[in-house]
Amino acid sequence: GLTWRLHNLCAHASDIAVNETALCEIVPGKLTALARGEFGPNDHRLMQFWSEDGGKTWTEPIKTDIWGHPAHLLKLDDDRILCTYGYRREPMGVRAVLSEDGGESWDTGNTQVLRDDSSGHSPLRGEGTGAGDVGYPVSIQLDSGDVLTAYYLTLSDNVTHSAVTLWQP
């Protein structure tokens with residue numbers, strides 16, 4: 001950690017704007033990344049990239065079927081990859097999806113809803129904006145195998161809360 005070098009995830013795809021990137025090492029040297037793509041007001045699917053050389057070079061990005069942002073990635077003890085993310089359309093909240101093949105595919109048909117009671121307004125953007133002030137989850141796996149996911153959300157009281165959900169993936 002004394003010296004760092006930056007490597008661009010989208011060096012060969014400069015027409016795609018991505019930010020809020022989550023990284024996960026699948027096996028030593030092989031990484032996957034999920035990033036918030038900017039595709040317009042109604043398309044908030046995550047972009048995915050892979051690296052086989054520890055992050056020096058990256059594949060072309062692809063759009064996933066995961067609708068929401070930003071993401072957090074965690075390799076579970078059983079080698080599944082967990083993606084938790086903010087979901088900013090009704091019902092707004094925090095969701096989770098798993099991959100059983102190192103991030104090559106995501107089981108979006110079995111998406112787990114961790115919270116779905118966030119309001120559609122934001123104290124910073126105004127009521128009725130649909131901005132959905134919710135997300136930025138971070139997950140850890142406990143010794144019990146349960147996952148603790150922390151995030152923030154704005155409830156109908158128009159107060160932004162920090163919250164956690166303890167759950168089984």
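Trainee: In which strand is the place of E20?

Mentor: E20 is in strand β1, which covers residues 18-27. Strands (E, at least two residues) and helices (H or I, at least four) are DSSP runs, numbered from the N terminus. The model is a predicted one, in which local features need pLDDT of at least 70, side-chain atom pairs count only at pLDDT 80 or more, and totals for chains, interfaces and linings use all residues. Residues are numbered from 1 along each chain as its sequence is written, and side-chain values use heavy atoms, with hydrogens and water left out.

E20 is not a glycine, yet its phi is positive, at about 50°. Most residues other than glycine have a negative phi. With a relative accessible area of 27%, E20 is partly exposed, because that class lies between buried (under 20%) and exposed (over 50%), computed with a 1.4 Å probe on protein chains only. D79 also has a positive phi, of about 75°, and is not a glycine; D79 lies in the loop between β5 and β6 and is partly exposed at 48%.

Contact means heavy atoms within 4.5 Å, and leaving aside neighbours within four places in sequence, T32 is in contact with residues including A22, L23, C24 and I26. T32 belongs to strand β2 (residues 30-37) and is buried, with a relative accessible area of 0%. Its side chain makes a polar contact with the side chain of Q48 at 2.8 Å and reaches the backbone oxygen of F49 at 3.0 Å. A polar contact is a pair of N or O atoms within 3.5 Å; within protein, one must be able to donate a hydrogen and the other to accept it, and residues adjacent in sequence count only if both atoms are side-chain atoms.

Finally, there is the nonpolar core. Such a core is a set of buried Ala, Val, Leu, Ile, Met, Phe, Trp, Tyr and Cys residues joined through side-chain atoms within 4.5 Å. The largest has 15 residues, and L34, I66, A71, L73, C83, Y85 and W106 have the most contacts inside it. Strand β1 supplies at least two residues of this core, as do β4, β5 and β6, while β6 gives the most, with four. Nonpolar side chains tend to be buried together in soluble globular proteins.
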